[in-house]
Amino acid sequence: MARRVRDHLAASRDPEAFVRSLGVNLTGRVRFYGVNRAMFGSEPWLITIGDNVYVTSEVQFITHDGGTLILRKEYPDLDWTAPITIGDDVYIGMRAMILAGVTIGNRCVIGAGSVVTRDVPDNTVAAGVPARPVRTTDEYLERLRAKSLGIGHLPVPAKHEAMKRIYGVPTG
């Protein structure tokens, strides 16, 4: 229990330093939303995350195949563990799962709830179970620009007020 409390405080104060303390290799600025020790599994030192990456809550990085455990009576030395590499300019949606051996390229978006079982090339939006490319990041940008509220530059309180006005939510 004491470790949980220490972890929570450390992760709240400086999420990047906490993640580095676990052994994860951060090569640039990474923003974590809801970070905890469990999201990096038992081999956090096999995970490399690039610059300008957003990792949202409940994302899981799984660097091994635990199914090998039931087969070890027949093959005692059976094991499969592999690194995970995340490029630069990547957004990983809530509850996504990134499996062992996967590389996510630069300028990618991973949809919420996706299970990434294969490499994702640069400039790709991937989603689903298993995750598959659904469009390029450039196509995604064009869709977003067409329906943008135009308030992304505002500070959070002003952004919330603008959203309330746009959607007719009473303020008070």
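The model is predicted, so local features require pLDDT of at least 70 and side-chain atom pairs count only at pLDDT 80 or more, whereas totals for chains, interfaces and linings use all residues. Residues are numbered from 1 along each chain as its sequence is written, and side-chain values use heavy atoms, with hydrogens and water left out.

The strands come first. Helices (H or I, at least four residues) and strands (E, at least two) are DSSP runs numbered from the N terminus, and two strands pair if DSSP finds at least two bridges between them. An open sheet of 4 strands has the order S1-S3-S6-S9, with parallel pairing. Its edge strands, each pairing on one side only, are S1 (25–26) and S9 (103–104). Between S1 and S3 (residues 47–49) there are 2 bridges in the parallel sense, and Asn-25 stands opposite Thr-48 in S3.

Another open sheet has 3 parallel-paired strands in the order S5-S8-S11. Here S5 (60–62) and S11 (115–116) are the edge strands, each with pairing on one side only. S8 (residues 97–99) is joined to S11 over 2 bridges in the parallel sense, with Ile-98 opposite Val-116.

S12 and S13 form a hairpin with 4 residues between them, and in the turn Gly-128 has a positive phi of about 110 degrees.

A polar atom of its side chain lies 3.1 Å from the backbone oxygen of Asp-122. Beyond residues up to four places away in sequence, Thr-124 touches Arg-107, Cys-108, Val-109, Pro-133, Arg-135, Thr-136 and Thr-137, a contact being heavy atoms within 4.5 Å.

Helix H2 (residues 15–22) has Glu-16, Phe-18, Val-19 and Leu-22 as its buried residues. Seen down the axis of H2, these buried residues fall within an arc of 160 degrees, so they line one face of the helix; the arc is taken over the directions from the helix axis to the C-beta atoms. Just after H2, Gly-23 takes a positive phi of about 115 degrees.

A nonpolar core is a set of buried Ala, Val, Leu, Ile, Met, Phe, Trp, Tyr and Cys residues joined through side-chain atoms within 4.5 Å. The largest such core has 30 residues, and Phe-40, Ile-49, Phe-61, Ile-86 and Ile-92 have the most contacts inside it. At least two core residues come from each of H2, S2 (30–32), S3, S4 (53–55), S6, S7 and S10, and H2 gives the most, with 3 residues. Apart from neighbours within four places in sequence, the contacts of Ile-92 include Tyr-54, Phe-61, Ile-86, Ile-98 and Ile-110.

The structure holds 4 aromatic pairs. Rings of Phe, Tyr and Trp (its six-membered ring) pair if their centres lie within 6.5 Å; planes under 30 degrees apart count as stacked, over 60 as edge-to-face and the rest as tilted. The rings of Tyr-33 and Tyr-54 are stacked because their centres are 6.4 Å apart and their planes are at 10 degrees. This pair links Tyr-33, in the loop between S2 and S3, to Tyr-54 in strand S4, 21 residues apart. Tyr-54 is partly exposed at 25% relative accessibility. Tyr-54 also forms a tilted pair with Tyr-91, at 6.5 Å centre to centre and 40 degrees between the planes. Tyr-54 lies in S4 and Tyr-91 in S7, so the pair ties together parts that are 37 residues apart in sequence. Phe-32, Phe-40 and Phe-61 form one aromatic cluster.

Finally, Asp-89 is found in the loop between S6 (84–86) and S7 (90–92), and is partly exposed at 38% relative accessibility. Its side chain makes a polar contact of 2.8 Å with that of Asn-52. A polar contact is a pair of N or O atoms within 3.5 Å; within protein, one must be able to donate a hydrogen and the other to accept it, and residues adjacent in sequence count only if both atoms are side-chain atoms.

Technical notes: Buried means under 20% relative accessible area, exposed over 50%, partly exposed in between (1.4 Å probe, protein chains only).
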